[in-house]
Amino acid sequence: MSLLRPLFIGGLLATASAFAPSSNHALTSRSTTSLNVAVDTSDIKNGLTIELDGEPYKVLNFSIMKQARGAAKTTIKFKNLKRGNTIENTYRSGEKFETAQIDKKPSQYTYEDEVRM
C-alpha cells in the first residue's frame, strides 16, 4: 500500500494541472477584452467610433444640454459605417458606449470593368 500512495498522488497532480488554464489562453482573453473600451457620454468626441447594436458608428457631432433641474442630456448624431445612414439619439449623462476598433488597410482592385458598346 505504501508504494501505491506516491503513484496515486502523482497521478492526481498530473490530472489537476490539465485543468489549469494555460498561459497562452489567458493572454489571448485579456487582449480581446482590452480592445473595446467603455466611453462615457462626457468623453464623446467628433470622429469617435463606437459600437451600437453590433454595428460600428462614427460620431458626426454632439451637443450637451444642461438643465436647471435634472441631469444633462447629450444629443449625438451617428453615421453607420456599414450602411451609410445617419441617426440622431439623445442620451442621459453617465450612459456608456463601447468603442469599436476600425482597421484601415490599403487595397487595390484587381478586376476590370466590362465595357459595353
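This is a short walk through the structure above, from the whole chain down to one residue. Keep in mind that the model is predicted.

Let's begin with the overall plan. The protein has two helices and six strands. Starting at the N terminus, their order is α-α-β-β-β-β-β-β. Out of 117 residues, 18% count as buried. The protein exposes about 10000 Å², and carbon and sulfur atoms supply 54% of that area. If you look at contacts with a separation of 6 or more, 40% of them join residues 24 or more positions apart.

Now turn to the strands. Strand 2 (residues 49–52) pairs with strand 3 (residues 55–65) in the antiparallel sense, over four bridges. In this pairing, Thr 49 stands opposite Lys 58 of strand 3. The hairpin they form has two residues between the strands, and Asp 53 takes a positive phi near 55° in the hairpin. Strand 3 also pairs with strand 4 in the antiparallel sense, here over eight bridges. Here you can find Val 59 opposite Phe 78 of strand 4.

Let's finish with a residue of strand 4 (residues 73–80), Lys 77. Asn 46 lies 31 residues from Lys 77 along the chain, and their C-alpha atoms are separated by 9.5 Å.

Terms used: Residues numbered from 1 in each chain as written. Predicted model: local features only at pLDDT ≥ 70, side-chain atom pairs only at ≥ 80, totals over all residues. Heavy atoms only, no water. Buried < 20%, exposed > 50% of the residue type's maximum accessible area, 1.4 Å probe, protein only. Contact = heavy atoms within 4.5 Å. Areas by Shrake-Rupley, 256 points an atom, 1.4 Å probe, with all protein chains shown as cover. Pairing = 2+ DSSP bridges.
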